[in-house]
Amino acid sequence: MEEVNQSAVSEFIILGLCDPRELQVFLPVIFSSLYLITVLCNIFVVLLIIADLHLHSPMYFLLANLSFIDFCLSSVTTPKLITDFLKEKKTISFGGCMCQIFFGHLFGGSEMVLLVSMAYNRYVAICKPLHYSSIMNRQMYIGLMMTSWIIGFVHSISQLAMIVKLPFCGPRELDSFFCDIPLVIKLACMDTHILEVLINADNGILTTICFILLLISYSYILFTVCHFSKDGASKALSTCTAHITVVVLFFGPCIFIYLWPFSITWADKFLAVLYVIIIPLLNPVIYTIRNKEIKNAMKRL
């Protein structure tokens, strides 16, 4: 039989989030509401920071970029998830699948590096307050933002390059609600063991480096906070707690999905929902709900 390559695969079949039809009646409403709130919250944060001159500082510049990335990350998969609930046959084109993978890793990788940048900004603000203005100047925080996007792009394009030319000639069913590398690579009609190791190494290196840098930054911050006055320590710990919560929520699913050796379908789906829908919604809430300057900016509207 003539070998069939990826050019013959025009689409993949998506099995979706769940099977019961009863749930699929309510889930579109739930996810549509969550997505709408996510979009409105993140866009509001971006516009508020742009409009209010009091928020034109490195911390809020990076926060605006985080909200923009969260908006984009959620938009990669959620709209299609919602529309697929209304379809009997759920499919995605080969090109659409590759686009989901590319943009998912672009925004995911960029957010990892941006979280490190935000941790570094907190480190300088708390551990080196007298030098903050000279260290975190305009060139520095724009450079940190650009670095996050560049690393995210390089990471994403390297991931895509390893799978886009794979031959697909067997089953085309993806047991999820979106395309991602661990799922797509299983459908290739060739031995992908070495490729899986390379892809996991690529993901693992970026995730591990970012996580270690975050641990170092927050360890220094917590050590310094111990020497503050009670009020200063309380304020610093409040800020760091919000940041650490975001880090744990973001890196937890990444580590489980890409670095965990065992595949548990229901757990993967739950973590995927957490990663692409819940976290982009929680980030603006976590970063703003206890932020006095953001609250004051909202009152000035």
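Visitor: Before we start, what does contact mean here?

Guide: Contact means heavy atoms within 4.5 Å. Keep in mind that this is a predicted model.

Visitor: Thanks! So which residues does Cys97 touch, leaving out those up to four places away in sequence?

Guide: Cys97 touches Phe12, Ile92, Leu174, Cys179 and Val184.

Visitor: Is Cys97 buried or exposed? And Cys179?

Guide: The cut-off for buried is under 20% relative accessible area. Cys97 counts as buried because its relative accessibility is 0%. Cys179 has a relative accessible area of 1%, so Cys179 is buried too.

Visitor: What about Cys99, which is in no disulfide?

Guide: For Cys99, the nearest cysteine sulfur is that of Cys97, 9.4 Å away. Cys99 has 41% relative accessibility and therefore counts as partly exposed.

Visitor: And Cys210, buried or exposed?

Guide: Cys210 counts as buried, because its relative accessibility is 4%.

Visitor: New topic: the nonpolar core. How many residues are in the largest one?

Guide: The largest nonpolar core has 88 residues. Cys97 turns up again here: along with Phe31, Ile101 and Phe250, Cys97 is among those with the most contacts inside this core.

Visitor: Which element gives the most to this core?

Guide: That is α3, with 17 residues. Cys97 lies in that helix.

Visitor: Let's do the strands. How does β1 pair with β2, and how with β3?

Guide: β1 covers residues 11-14. Strand β2, residues 91-93, pairs with β1 in the antiparallel sense over three bridges. With strand β3, residues 173-174, β1 pairs in the parallel sense over two bridges.

Visitor: Which residues of β1 are on the covered face?

Guide: Phe12 and Ile14 are on the covered face, with Glu11 and Ile13 on the uncovered one. In a regular strand the side chains alternate between the two faces of the sheet. Phe12 is also one of the residues that Cys97 touches.

Visitor: Stepping back, how many helices and strands are in the chain?

Guide: There are 10 helices and three strands. Along the sequence, their pattern is β-α-α-β-α-α-α-β-α-α-α-α-α.

Visitor: And what share of the residues counts as buried?

Guide: Of the 301 residues of the chain, 49% count as buried. The accessible surface comes to about 15300 Å², and carbon and sulfur atoms hold 70% of that.

Visitor: Where does UniProt place the feature "transmembrane region"?

Guide: The unreviewed UniProt entry places that feature at several stretches, including residues 25-50 and 102-120. In this model, residues 25-50 are 100% helix, with end C-alpha atoms 39 Å apart. Residues 102-120 are 100% helix as well, and their end C-alpha atoms lie 27 Å apart.

Note on methods:
Residues are numbered from 1 along each chain as its sequence is written. This is a predicted model: local features need pLDDT of at least 70, side-chain atom pairs count only at pLDDT 80 or more; totals for chains, interfaces and linings use all residues. Side-chain values use heavy atoms; hydrogens and water are left out. Buried means under 20% relative accessible area, exposed over 50%, partly exposed in between (1.4 Å probe, protein chains only). Helices (H or I, at least four residues) and strands (E, at least two) are DSSP runs, numbered from the N terminus. Two strands pair if DSSP finds at least two bridges between them. A disulfide is a pair of cysteine sulfur atoms within 2.5 Å. A nonpolar core is a set of buried Ala, Val, Leu, Ile, Met, Phe, Trp, Tyr and Cys residues joined through side-chain atoms within 4.5 Å. Accessible areas come from the Shrake-Rupley method with a 1.4 Å probe; for residues, only the protein chains shown count as cover. UniProt positions are given in the numbering used here, feature names are shortened, and annotations may be inferred rather than shown by experiment.
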